[in-house]
Amino acid sequence: LNGELRTLIKNNLVKAMSDPTYALADSAAQSVAKIAVIELPENAWEELIPGLLTFIRKNAAEGLRVATLSCLGYICEEVPPEALAQKSDDILTAIVGGMQSQGGPQCMLAATKAFNASLSFIEGNFKVPQERVMIMSVIIQTAKTSNSAE
């Protein structure tokens, strides 16, 4: 595919993540992650992770936040950790923020799943005592939170 068509497809998939239909938004998130598996290790689609993190930081609608956190989880699961190394702190911050109750139960669930997928590349964060304490506090708080997300 030529570059223009590739960009159009990628942009439309990211846009589809905001669809109010959960199945469509999640399918788009999975598709974005599959493309990321190919492009991120090649240092292509450099704007993807910052763009996804913007959805989290700007408190986008809950459906988009859920799809974004799910997408980050899929990316963490499949993209080689070294391809995410420079953005790992930002990704972890977004995921941990999603695990906190302000995002709603669906966001918390998606973020917790993404956190589980991110464990392969956040080992360094657990070696820093302050970060480890903060991460563990969020995990404990999330576990204590009673919700009906599942």
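In this predicted model, arginine 6 and glutamate 39 form a salt bridge through their side chains, with an N to O distance of 2.1 Å. A salt bridge here is a side-chain nitrogen of Lys or Arg within 4 Å of a carboxyl oxygen of Asp or Glu. The pair links distant parts of the chain, since arginine 6 belongs to helix H1 (residues 3-16) and glutamate 39 to helix H2 (residues 22-39), 33 residues apart. Helices are DSSP runs of H or I with at least four residues, strands are runs of E with at least two, and both are numbered from the N terminus.

The two partners differ in their cover. Arginine 6 counts as partly exposed because its relative accessibility is 35%, whereas glutamate 39 counts as buried because its value is 5%. For these classes, buried means under 20% relative accessible area, exposed means over 50%, and partly exposed lies in between (1.4 Å probe, protein chains only).

By the rule stated above, the count comes to four salt bridges. Three of them, including the pair already described, are set out below.

| Salt bridge | N to O distance |
|---|---|
| arginine 6 and glutamate 39 | 2.1 Å |
| lysine 34 and glutamate 78 | 3.0 Å |
| lysine 127 and glutamate 123 | 3.6 Å |

Salt bridges that share partners also join Arg6, Lys10 and Glu39 into one network.

The side chains of lysine 34 and glutamate 78 meet at 3.0 Å, N to O. In the pair of lysine 127 and glutamate 123, lysine 127 is exposed at 60% relative accessible area, and glutamate 123 is exposed at 53%.

Aspartate 26 presents another case. This residue is found in helix H2. Aspartate 26 is buried yet has no salt bridge, and the nearest side chain of opposite charge, lysine 113, is 8.3 Å away. Leaving aside residues up to four places away in sequence, aspartate 26 touches Ser70 and Tyr74; contact means heavy atoms within 4.5 Å.

The protein chain as a whole contains nine helices and zero strands. Its 150 residues have a radius of gyration of 15 Å, which agrees with the value near 15 Å for a compact globule of that length. That radius is taken over C-alpha atoms, and the globule rule is 2.2 Å times the number of residues to the power 0.38. Along its principal axes, the C-alpha trace spans about 50 × 35 × 25 Å.

Of the 150 residues, 40% count as buried. Among contacts with a separation of 6 or more, 60% come from residues 24 or more positions apart. The accessible surface comes to about 8300 Å², and carbon and sulfur atoms hold 54% of this area; the areas come from the Shrake-Rupley method with a 1.4 Å probe.

The mean positions of the 12 positive and 16 negative charges are 5 Å apart. Lys and Arg count as positive and Asp and Glu as negative, while His and the chain ends are not counted. Each charge is placed at NZ of Lys, CZ of Arg, CG of Asp or CD of Glu.

Residues are numbered from 1 along each chain as its sequence is written, and side-chain values use heavy atoms, with hydrogens and water left out. Because the model is predicted, local features need pLDDT of at least 70 and side-chain atom pairs count only at pLDDT 80 or more, while totals for chains, interfaces and linings use all residues.
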